[in-house]
Amino acid sequence: MKGCYVLLIELKEDREILFGRRRRQYFKKGFYLYVGSALNGLENRINRHLSKKKKLYWHIDYLLQYANVISVFYIESTTRMECLIAESLSKKLSSTVVGFGCSDCNCKSHLFYGSKKKLLSLINE
(Lines give C-alpha, C1' and ligand atoms only; values in the text may rest on other atoms or scores of the structure.)
Protein backbone atom coordinates (compact mmCIF):
# COMPACT_ATOMS: atom_id res chain seq x y z
CA MET A 1 0.00 0.00 0.00
CA LYS A 2 1.29 3.46 -0.95
CA GLY A 3 0.06 6.86 0.10
CA CYS A 4 0.04 9.82 2.42
CA TYR A 5 -0.71 9.99 6.14
CA VAL A 6 -1.42 12.51 8.86
CA LEU A 7 -0.60 11.83 12.49
CA LEU A 8 -2.45 13.56 15.32
CA ILE A 9 0.12 13.83 18.10
CA GLU A 10 -0.15 14.87 21.73
CA LEU A 11 2.79 16.32 23.65
CA LYS A 12 1.88 16.37 27.33
CA GLU A 13 4.48 18.90 28.50
CA ASP A 14 6.54 21.75 27.08
CA ARG A 15 9.83 20.42 25.83
CA GLU A 16 12.99 21.43 24.00
CA ILE A 17 14.06 18.67 21.62
CA LEU A 18 17.41 18.18 19.95
CA PHE A 19 17.29 16.91 16.36
CA GLY A 20 20.46 15.10 15.46
CA ARG A 21 23.43 17.10 16.70
CA ARG A 22 22.59 20.55 15.42
CA ARG A 23 19.05 21.75 15.80
CA ARG A 24 17.14 22.46 18.99
CA GLN A 25 13.44 23.23 18.84
CA TYR A 26 11.04 24.24 21.59
CA PHE A 27 7.61 22.57 21.49
CA LYS A 28 4.61 23.73 23.48
CA LYS A 29 2.51 21.06 25.13
CA GLY A 30 -0.61 20.31 23.13
CA PHE A 31 -1.63 18.83 19.83
CA TYR A 32 0.18 18.62 16.50
CA LEU A 33 -0.57 17.33 13.02
CA TYR A 34 2.31 15.80 11.08
CA VAL A 35 1.97 15.15 7.34
CA GLY A 36 4.08 12.50 5.64
CA SER A 37 4.14 10.10 2.73
CA ALA A 38 5.16 6.52 2.15
CA LEU A 39 5.29 5.46 -1.45
CA ASN A 40 7.19 2.30 -0.53
CA GLY A 41 5.08 0.88 2.26
CA LEU A 42 2.45 2.97 3.99
CA GLU A 43 1.57 0.37 6.62
CA ASN A 44 5.22 -0.12 7.58
CA ARG A 45 5.83 3.63 7.84
CA ILE A 46 2.80 4.16 10.08
CA ASN A 47 3.77 1.18 12.25
CA ARG A 48 7.27 2.61 12.55
CA HIS A 49 5.88 5.93 13.80
CA LEU A 50 3.74 4.07 16.34
CA SER A 51 6.74 2.12 17.65
CA LYS A 52 8.69 3.54 20.59
CA LYS A 53 11.84 1.50 19.79
CA LYS A 54 13.47 2.70 16.59
CA LYS A 55 16.56 4.38 15.27
CA LEU A 56 16.07 8.13 15.13
CA TYR A 57 16.16 9.21 11.50
CA TRP A 58 13.40 11.67 10.54
CA HIS A 59 12.45 14.86 12.40
CA ILE A 60 9.24 13.20 13.55
CA ASP A 61 11.20 10.38 15.21
CA TYR A 62 12.77 12.88 17.61
CA LEU A 63 9.41 14.42 18.54
CA LEU A 64 7.78 11.01 19.01
CA GLN A 65 10.35 10.13 21.68
CA TYR A 66 8.35 12.46 23.95
CA ALA A 67 4.91 12.58 22.33
CA ASN A 68 2.19 10.06 21.51
CA VAL A 69 0.32 9.43 18.28
CA ILE A 70 -3.35 9.47 19.19
CA SER A 71 -4.86 9.14 15.71
CA VAL A 72 -3.68 8.19 12.24
CA PHE A 73 -5.36 9.25 9.00
CA TYR A 74 -4.21 8.03 5.61
CA ILE A 75 -4.99 8.19 1.91
CA GLU A 76 -3.92 5.49 -0.51
CA SER A 77 -2.24 7.03 -3.55
CA THR A 78 0.59 6.37 -5.94
CA THR A 79 1.41 10.09 -6.12
CA ARG A 80 3.08 12.21 -3.46
CA MET A 81 0.34 14.27 -1.82
CA GLU A 82 1.83 15.40 1.49
CA CYS A 83 2.94 18.80 0.19
CA LEU A 84 -0.57 19.56 -1.05
CA ILE A 85 -2.00 18.63 2.34
CA ALA A 86 0.69 20.59 4.21
CA GLU A 87 0.07 23.63 2.02
CA SER A 88 -3.65 23.44 2.69
CA LEU A 89 -3.08 23.16 6.45
CA SER A 90 -0.62 26.06 6.44
CA LYS A 91 -3.32 28.30 4.95
CA LYS A 92 -5.74 27.39 7.74
CA LEU A 93 -3.37 27.25 10.72
CA SER A 94 -1.07 30.05 11.78
CA SER A 95 1.06 27.89 14.05
CA THR A 96 3.63 25.82 12.19
CA VAL A 97 7.00 24.46 13.22
CA VAL A 98 9.04 26.04 10.43
CA GLY A 99 11.36 23.64 8.61
CA PHE A 100 10.01 20.53 10.34
CA GLY A 101 9.67 17.42 8.17
CA CYS A 102 10.19 19.23 4.90
CA SER A 103 13.91 19.03 4.20
CA ASP A 104 13.22 17.32 0.86
CA CYS A 105 10.66 19.84 -0.46
CA ASN A 106 9.90 23.57 -0.55
CA CYS A 107 7.13 23.55 2.07
CA LYS A 108 7.29 25.83 5.09
CA SER A 109 6.51 22.89 7.38
CA HIS A 110 4.89 19.48 7.65
CA LEU A 111 4.10 19.95 11.37
CA PHE A 112 1.23 22.09 12.63
CA TYR A 113 0.12 23.06 16.13
CA GLY A 114 -3.41 23.77 17.34
CA SER A 115 -6.27 22.71 19.55
CA LYS A 116 -7.36 19.10 19.21
CA LYS A 117 -10.83 20.22 18.10
CA LYS A 118 -9.46 22.55 15.39
CA LEU A 119 -6.95 20.00 14.06
CA LEU A 120 -9.57 17.25 13.88
CA SER A 121 -12.02 19.55 12.11
CA LEU A 122 -9.41 20.30 9.42
CA ILE A 123 -8.68 16.61 8.90
CA ASN A 124 -12.35 15.80 8.55
CA GLU A 125 -12.94 18.48 5.87
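By contact I mean heavy atoms within 4.5 Å. On that basis, and leaving aside neighbours within four places in sequence, glutamate 82 is in contact with Cys4, Val35, Gly36, Ser37 and His110.

Some ground rules. This is a predicted model, in which local features need pLDDT of at least 70 and side-chain atom pairs count only at pLDDT 80 or more, while totals for chains, interfaces and linings use all residues. Residues are numbered from 1 along each chain as its sequence is written, and side-chain values use heavy atoms, with hydrogens and water left out.

Back to glutamate 82. This residue is found in helix α3, residues 82-92; helices are DSSP runs of H or I of at least four residues, strands are runs of E of at least two, and both are numbered from the N terminus. Is glutamate 82 buried or exposed? Its relative accessible area is 4%, so it counts as buried. The cut-offs are under 20% for buried and over 50% for exposed, with partly exposed in between, using a 1.4 Å probe and protein chains only.

The glutamate 82 side chain makes a polar contact with the side chain of serine 37 at 3.0 Å, and another with the side chain of arginine 80, at 3.0 Å. A polar contact is a pair of N or O atoms within 3.5 Å; within protein, one must be able to donate a hydrogen and the other to accept it, and residues adjacent in sequence count only if both atoms are side-chain atoms.

Next, salt bridges: a side-chain nitrogen of Lys or Arg within 4 Å of a carboxyl oxygen of Asp or Glu. How many does the structure hold? There are six. In one of them, arginine 48 pairs with aspartate 61, with the closest N and O atoms 2.7 Å apart. That pair links distant parts of the chain, since arginine 48 is in helix α1 and aspartate 61 in helix α2, 13 residues apart. Aspartate 61 is buried, at 0% relative accessible area, whereas arginine 48 is partly exposed, at 22%.

Lysine 91 counts as exposed at 66% relative accessibility, and glutamate 87 as partly exposed at 42%. Salt bridges that share partners also join Arg80, Glu82 and Asp104 into one network, which brings us back to glutamate 82.
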